[in-house]
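Open the model in your viewer and get your selection tool ready.

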Amino acid sequence: MKLLIHTATGKTALIAFLIHLAISGWCFTGSVAAGGQNFLRTMEPSNWASNPTNNPAPLAATGGTIGNSATVRKRSVYADYPGRLPLSTMTMMRVQESALYAAQSAVPAAASASALVSDSLMKRVSLGLLLPHTTFRVREYSKAVQTAMNSLRKQDLSFINTYRFQVSDIHTDMLKVNPSPTAILDMVCETFLKRNVSAILFLSNTELYGRNTAAAQYFLQLTNYLRIPVVAWNADNSGLEKRSAGNNLVIQLAPSAFHQANAMLSLLKRYSWKQFSIVTSTVAGYREFIQAVAEAAYKFESQNSYKFKILGTVLVNNNASNLGSLLGTEARILLLYSTREEARSILKTAGQMGLAGDKYVWIVTQSVIGSTTESPPEFPVGMLGVHFETTDNQLTKSISTALKVFVNGVEAFHRESNSSSLLSPKVSCEDSASTSSRWAQGEQLFKYLQNVRIDVDPGRPPLEFDADGTRSSVELTIVNLQPSNSGGSGRELLWRQIGHWHSWKKDGLDIQDIVWPGHSHVPPEDGPDKFHLKVAFLEEPPFISIVPPDPVSGRCPVSHGVPCHVGNHVPLNGESDLGHSARNVTQCCSGFCVDLLEKFSDDLGFTYELIRVDDPKFGTHVNGRWNGLMGALANRRVDMVMTSLTVNAEREHVADFTIPFMETGIAILVAKRTGIISPTAFLEPFDTASWLLVGVVAIQVAALAIFLFEWLSPSGYNMQLSAPTNQRFSLFRTYWLVWAILFQASVNIDCPRGFTSRFISNVWATFAVVFLAIYTANLAAFMITREEFYDLSGVEDPRLISPKSHEPPFRFGTVFNTHTEATILKHYKEMHYHMRNYNLNEIRAGIEAVKRGELDAFLYDGAVLDYLVSQDEECRLLTVGSWYAMTGYGVAFPRGSKYVAPFNEKLLEYIENGDVDRLRRFWLTGVCKPYKEERQFSEPLSTEQFLSAFLLLLSGIGLAFLLLALEHVYFHSIRPHLTSPTTGACCSLISINMGKSLTFRDAVFETQDRLRSHRCRDAICRLHLRRLNLQLDCVRSRVRQLEKQLGECNQLIGTTVNDELRSVEVENNLIECQATTRQALEAIPEMETVL
C-alpha cells in the first residue's frame, strides 16, 4: 500500500522508475501502453506472491524481459516475422506512453486506495480492452470508459453484489499498426490472461486491409482457441475471416460484408437493375464478399420475388488488365470490393478501357470510400457507395456500446448460474496445474452476450445479434461521388451523403438526388442498348398456336400471348375464309416458343416482330432452292426463326443453329381399335397351376374325404359294403354335392348322415365361398373389352420398310416438305415411294386420317405427336415404338449471325437452371380427357365380345354327347356282365342307382314304387298299367317262391356240410334244390325283361 500511495502521488518518481526499467533492458513486449492503473496494480506487493512474474525485483536483477522461458519459447516461433521495432525505439515509446497514462490516472488511483482494500476481499470480473495505438487520444478513451461505467452503475445489476467490477478491472492495451504475431501472443498471454479477463473488447478503426487485418485475424483466432469471448468493432471486419456460428466467439458491432451487399442490392432494386458483375481484388475478405452478394441475391429472390443475375466475377490482377473481359458482356452495373489504393488502379484501367463512362455505374464498399469525403482523381463522377462512419469519434462511442453488451451479458449469465467462480477463466499460455489452456465456460458466456437486447438509440430497433454474432439491425449511409462545386464541371469530386439504408425496414432505402455517370440525371440501363429482330415462325401447337385477338379491344390478352403478323389470313376457330384476301393480319401467338422468346427478349434486351412466312413449310431443298422458313433464312429476309424447327445436316449448311432446346425424333402415331373379349377370359382370373390345384386336387380330396367319413360313420354306412335301408348317399352323389356347393347351385342334393362327413361338407362350403369371392372379383377385370392397335417397333418395323409384303398393304404417311419426309427419303427410298401416296399437307389432317381409319399410322416429330396424344379428346391416339433419327429443335439464324453466341449462352443457362424444363412441363404435358360427358354409361357388348360364354356352352354340349356315347357302351356292353343277384351291394357304394339296377330284387321294388306313384290320364294307359300290375304280382309271387326254395336249399346245404353221413335221399333232394336254384337264376333275365 505504501508503494501504491507513493506511486500515486509521485509523478516524478514514476517517470524515473520507468526510465530506470528502460535503461535496465526491460522490453515491454507483453504490454503496449498498458496504462497507469494496470501498471500500479502490477506493482502491488500482494500481486507478487500470487503472480511472481509481476515482481520487478528478479527481473531487474537479471535484466531480462517480462515473462519466463515459456514466453521466450513462444517468441522464437515468430522470430522470423518481420516488422518488429528496434528494442531502444520500442522501449522509449512504451516508456512515454506508460508515463503519460500513469500521470493521467494517478489522482483517481489515490482517491480509490481505501476502496481497493475493501474490494480486495470480493471476487473480480476482469475485462480486457484493446484499442488502436495512439498517443493523443488516451484521455478520450479513459473518459469514455469512465462515462460508460458511471452510466452502467445506474442500472440494477445483481452481479455487482457478488463480483467487483470497476474501472480498475478494465485492463487496457493498445495495438500498433502491423504488429508481429509475437507481440500479439505476448499481449494476450501477459496482459489479458494473467489478469484473468472474462472477455475482451476489441475496437479498431484502421482500414489498411493488409498485415494489420491479418494481425486482427490472428488475434481473433487466438482468443477463439482460448474460448475467450470478444466484443469487437472493426472498421475492416469485412476482411476478417468468418467462421461458423457455433465455433466463433466474436460479437461484431460494425456492419458486416453481408449488410453492405444487401444495401448494394437494394440500390439495384430501387432502379430496376437485375444484372450486374462483381469486381474484386485479392484483398482480405474478397471471397466472403462474393459469397455475401450471392446470399443477398438469393434472399431478395425468396423474400421479395426479385431475381438478380450475376453476370460474372472478375478478380483483377496486378495491373487490372483482365478488366477487358467485361467489354464483351452485358455488364453495366459493377460492384467493387477492394482497398482504396487498389480501387485507384482498377478505375484508372477501367477508364482507359471505356468501362467508366456514362453507361456504367460503379457501386463500391466502405473499404474503397474510407473515412474521408475526398476521392482520388481516378474515381469517375456518379459512383455510388455504402458507407458507415469509422472516425475516431465513432470508435470512442463504440466503447460505451461494447461495455453495455458485456455488462448485460454478464448480468444474464450471473442470474442463471449458481457458482460465483464461473467468471474466473484461469487460462494461461503456460503449462500449470492450477490453470488450463481453454476456458470451459467461455462459450456459455458468449451465448449470453449474443442474446443481449439493449436499447441504444431512441426510435431505432434495440441492439441484437444474429446467430453468427453480427448485428441484426444496421444503418448504412448511401454516398454519391459528386463535383465539389454546384456547376458540376469541376475536377475535384467529393463523397456526398444522399440517403440511408436501414436493414430493419422492408424498403429500407431512402435516396435523394443522385448525380449519375456523365453528370446525367437519369440512371443508365443495366444492359446494352436494345436491338430489334424480325422473327419468322410457323404455327405448330404447342410450340406456337394462333388465336384471334380480343374482338372489342383488338389486343391480345395476357393469356393469349403476343401479337404476330400472319401474311395470309388463316381461318381460326371455324370461321369462314370467304371474303378474305391475302393481306397482313394481326393475330395472337402463344406457346412454348413464344414464352421462350419472351424470356430471351427480357434477358438479352431486344425487341422483336413475329412474322409468319407466306410459304407455310418448315423448309426443304427442292430443285436447288430452299422453301419455307429455311428459304427466308437463306435469303436473309428474317433475323431468326423461332418455332419447332428440327436441326439436321442439310439445314446447317445455310443456317446457324443454337444448341437444341428440346430433343425429338421420328415417332409413329396409331389409333386404338375396339377389340373382343378373350375366349378364355373366364379362365384368366387364375393361372393353370391354380385351376389344376382346384380341379384335380381340391375337389377330389373333398369328395373322397366326405364319402370316406360317411362310410366310416356309425350313422352312415358303418363300414358295410351294401347300402343300409333308406341310405341315399354314394360316391357319385358326393361329387354332385361337392360341385353343387362349389358353384352355389340350387339343385336337389342328398346330404350325408354322419356328423363328421357333414362337418367336412361345411368346411368345403367355406372354401367354396372364398374361392367364388376371389374368382368373381377378378373375373370383372378380364371380362372387359380389349383395345387393339398396331404395335409397331419403330420406323424399321417390317410393316413399314416393306409395306407391300403384307396383305393388305400397310397405309402410313407424313407431312410434305418436313424433316421427317427428308429423312425417310434419304434412308428408306422404298418406304418413301409407298408413303408419298398417303402424305398430307398438315399434321391435323394426318391425325384425323388415322382416327377415321384412312391411315394405319402417321409419322412425324415425336415431341409434337406426344402433345397431340395428350390433347386428344377421345383418348384414341397413342405413339408406339422407339424414336428414330434423334435430333432436336433449335433457334435458327442466318449464317454468320452475331446473335448465335449470346442466345447459346442464355439457352445453356435456361437449361441448367430448369427454365426450359418448366416451360416443357407447362406446355407439353397433359392427360387426354374425353369430351363426351353423356357417354359415361357402359355400352352394350356385342356377340363377338361375349364369345367366351358361347364357347363354354358349346364345349359343354360336346362333352354331353361324349357322355351319352359312354352311357350306351355301359348299358349294352358292360352292364349285362355286372348283373347278378348280389352284385349291386358293392356297386351301391359308388352309385345307389347303379346298385339297384344291377340287383334284381331292388329293380323289382323300384319298379313297384314307380308304378305306385304313377297316375294315368287315359283308358289305354290305365289298361296297360293294370296288365303290368298283374304281371308284376306274378313276378313278385314267383320271386317269393324262389326265395323260399333258395332258403331251403341253403339250409340243406348247410346241414350237408355238417353231416357227411347223410342218406342218398338227402343227396337227391340237394341235387333237386340246386336244379331249382339254377332254374330261378335263369328265369331272372326273362322277368327283368318283362319289367
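The tour below goes from one cysteine pair to the next and ends with two further cysteines. Keep in mind that this is a predicted model. Searching the whole structure turns up 3 disulfides.

Start by selecting Cys-189 and Cys-429, which are joined by a disulfide with an S to S distance of 1.8 Å. Look along the S-S bond: its torsion is about -85°, so this disulfide is left-handed. Cys-189 sits in helix 10 (residues 181–192), while Cys-429 belongs to the loop between helix 16 (392–416) and helix 17 (442–450), so the link ties together parts that are 240 residues apart in sequence.

Next, select Cys-556 and Cys-588, another disulfide, with S to S 1.9 Å. This one is left-handed, with -95° about the S-S bond. Here Cys-556 is found in the loop between strand 17 (545–547) and strand 18 (562–566), and Cys-588 in strand 19 (residues 585–590), 32 residues apart. Cys-588 is buried, at 0% relative accessibility.

Then move to Cys-564 and Cys-589, also bonded at S to S 1.9 Å. Which hand does this link have? It is right-handed, with 80° about the S-S bond. Cys-564 lies in strand 18 and Cys-589 in strand 19, so the pair connects parts 25 residues apart in sequence. Both Cys-564 and Cys-589 are buried.

For the last stop, select Cys-593 and Cys-1034. Cys-593 is buried, at 0% relative accessibility, but Cys-1034 is exposed, at 54%.

Notes. Residues numbered from 1 in each chain as written. Predicted model: local features only at pLDDT ≥ 70, side-chain atom pairs only at ≥ 80, totals over all residues. Heavy atoms only, no water. Disulfide = S-S within 2.5 Å. Helix = DSSP H or I, 4+ residues; strand = E, 2+ residues; numbered from the N terminus. Buried < 20%, exposed > 50% of the residue type's maximum accessible area, 1.4 Å probe, protein only.
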